[in-house]
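Dear colleague,

I am handing over the structure we spoke about, and I would be glad if you could look through it when you have a moment. My notes on it follow below the entry.

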Amino acid sequence: MFLQRSTLQVLSFAAVALCFSVEPPAVGGQTFPSSGDTVPNSWTGPVFKLRQDYPKIKPAVGTKPWKSFNFKTQPVPYLQSVLSYCKEGNVEVDWQLEKNTVRNWYHAPWLHTTPNGREFVHGLTGERSSRPHELDPAQTGSFANWAVGFYNAPGGYVIGQVWKDPNAPNPSAVLFPDGTVTCKLLFTTAPVAQVPYLKNSFEWQANASASSGGPRSIQTVRLLQVDVAVRDSRANTTTGWVFGTFVYDGNAAGATPWDRLVPVGLMWGNDPAVTEPTKTPTTHLAETFINPAVGPAQHLGRAGRLNGPVDNPKSSCLSCHSTAQWKALSNVLPDASDPMRWFRNIKATEAFDPGPGQHSLGYSLQIALGLERFHTAHPSQLTETIAPAAAPPSKKTKPISRGDEDDN
Ligand code: HEC
């Protein structure tokens with residue numbers, strides 16, 4: 001009896017200790033840390049707060065202004081309506097989502113670790129650096145890019161379901177409904193002297209590094225690109241998603257920097273039949289629209305598919321995002337040996353590498369990255385549900401990222 005009791009006590013102490021060791025301490029009522037940085041005492045500027053009061057009950061999707069437009073035949077008005085939706089109520093509060101009075105938006109957790117993790121001023125995470133001449137012919141240096149993304153309420157609900165138990169995330173909870181929207185602001189450390197079309201751009205101070213993974217300091221970053229992604233059932237026969245991007249053009253008309261964002265294009269499929277690595281112009285693509293009226297030099301992906309100024313030319317928006325699954329078995333970027341595997345039209349609920357125990361993460365790379373970082377920090381939490389013999393072989397050699405220093 002006594003023995004039993006003490007064993008139980010030991011076990012419960014162990015459980016408490018385990019619980020403390022895996023659960024991040026709640027800071028100011030927040031379960032998930034906003035940033036991995038320590039805010040300096042001398043700092044008087046804004047401090048990023050991860051919006052994490054995810055809806056507990058499936059929210060109504062609300063108005064979907066983009067549904068007035070056909071993304072295939074009216075791509076520019078479609079993109080503009082999504083951008084307005086993202087900006088509404090957010091520009092006024094400097095993108096402090098918790099202060100938006102028009103609409104609820106949420107951040108994905110677990111992007112705070114690693115040298116590219118969320119910085120403390122605006123929650124930016126390190127992205128692929130822009131090599132010399134990538135942003136402009138006059139650019140001689142390499143410059144780091146930093147970004148922050150967020151989801152509307154239907155997306156926030158899904159994030160909340162995945163992370164309902166902060167110590168045991170549930171990848172099978174990912175099912176984004178029609179009307180889910182996610183937007184991402186990308187900033188560059190490149191100065192105007194190197195990239196002239198960045199003149200009069202929107203600027204933030206951020207605790208950023210000038211190169212990926214390098215030491216961080218407070219410095220000026222400039223808005224370069226805005227990404228949007230919409231779960232749109234009209235794209236269900238290809239991928240279920242419409243991905244689009246905007247580039248800042250200081251020479252464009254518009255009263256504020258937000259009005260000088262020019263649509264680069266959108267895509268709703270990967271054009272699996274187009275197998276050539278390069279081909280221009282882009283009229284051969286049936287599932288990508290590229291805006292012929294873009295000012296700054298275009299930075300397109302494989303054979304002219306859509307990607308943004310900071311992106312890897314071997315890829316495309318939907319190509320990278322189609323790899324989002326738990327447990328990721330393939331790299332985000334295409335393998336040279338079999339690149340067209342990354343240009344299939346994977347359905348919104350389908351895993352890139354199907355197999356027992358595999359879950360599609362519905363094109364969400366922030367959920368994929370969050371799960372990867374959580375399990376890297378808590379290896380003991382990783383309950384292997386897949387029998388090694390039944391699991392498809394993993395070809396994943398790199399962590400999930402938008403690209404790193406050696407991806408070229
Ligand atoms: C090289 C791979 C890659 C390419 C190309 C890429 N992305 Fe992503 N994207 C990522 C990764 C990794 C994340 C998650 C980490 C982050 O937010 O920085 C992400 C995050 C996002 C998010 C936040 C939502 C989420 O959870 O996925 C949006 C929106 C987004 N990307 C849109 C785009 C658009 C639009 C394009 C094309 C213009 C694009 N991406 C091209 C890798 C890529």
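What follows is an account of the ligand site first, and then of several individual residues elsewhere in the chain.

Please keep in mind throughout that this is a predicted model.

The ligand sits in the largest pocket, and of the 28 residues around the ligand, those that come nearest are Glu127, Tyr151, Cys317, Cys320 and His321. Sorted by class, this shell is made up of 11 nonpolar, 12 polar and 5 charged residues. Several elements each supply at least two residues of the shell, namely the strands E4 (181-188), E6 (216-231) and E7 (241-248), together with the helices H4 (317-321) and H5 (365-377).

Which protein atom is a donor of the iron atom of the ligand? The only one is NE2 of His321, at 2.1 Å, and His321 itself lies in helix H4. A polar side-chain atom of His321 also lies 2.9 Å from a nitrogen atom of the ligand. Two further side chains come up to oxygen atoms of the ligand: an N or O atom in the side chain of Tyr151 is 2.5 Å from an oxygen atom of the ligand, while for the side chain of Ser364 the corresponding distance to a ligand oxygen atom is 3.2 Å.

Turning to the loops, I would begin with the one between helix H2 (75-87) and strand E1 (105-106), where Asn100 is found. Asn100 counts as buried because its relative accessibility is 7%, and the cut-off for that class is under 20%. The side chain of Asn100 reaches the backbone oxygen of Glu88 at 3.1 Å, and a polar contact of 2.9 Å joins the side chain of Asn100 to that of Asn90. Trp95 has its place in the loop between H2 and E1 as well, and although Trp95 is not a glycine, its phi is positive, at about 65°. With a relative accessible area of 7%, Trp95 is buried.

A positive phi is also found at Tyr363, a residue other than glycine, where the angle is near 70°. Tyr363 lies in the loop between E11 and H5, and its relative accessible area of 5% makes it a buried residue.

The loop between helix H1 (2-22) and helix H2 (75-87) holds Gln52, which counts as buried at 12% relative accessibility. A polar atom of the side chain of Gln52 lies 2.9 Å from the backbone nitrogen of Thr31.

With best regards

Terms used
Residues are numbered from 1 along each chain as its sequence is written. This is a predicted model: local features need pLDDT of at least 70, side-chain atom pairs count only at pLDDT 80 or more; totals for chains, interfaces and linings use all residues. Side-chain values use heavy atoms; hydrogens and water are left out. A residue is near a molecule or strand if one of its heavy atoms lies within 4 Å of it. A polar contact is a pair of N or O atoms within 3.5 Å; within protein, one must be able to donate a hydrogen and the other to accept it, and residues adjacent in sequence count only if both atoms are side-chain atoms. On a 1 Å grid over the protein atoms alone, a cavity is a set of points where a 1.4 Å probe fits but cannot get out, and a pocket is an open set with protein on both sides within 12 Å along at least five of seven lines; lining residues have an atom within 4 Å of a point. A molecule sits in a cavity or pocket if more than half of its atoms lie within 2 Å of its grid points. Helices (H or I, at least four residues) and strands (E, at least two) are DSSP runs, numbered from the N terminus. Ala, Val, Leu, Ile, Met, Phe, Trp, Tyr, Cys and Pro count as nonpolar, Asp, Glu, Lys and Arg as charged, and the others, Gly among them, as polar. Donors are N, O and S atoms within 2.8 Å of the metal (3.2 Å for Na, K and Ca); water is not among the atoms, so sites may look incomplete. Buried means under 20% relative accessible area, exposed over 50%, partly exposed in between (1.4 Å probe, protein chains only).
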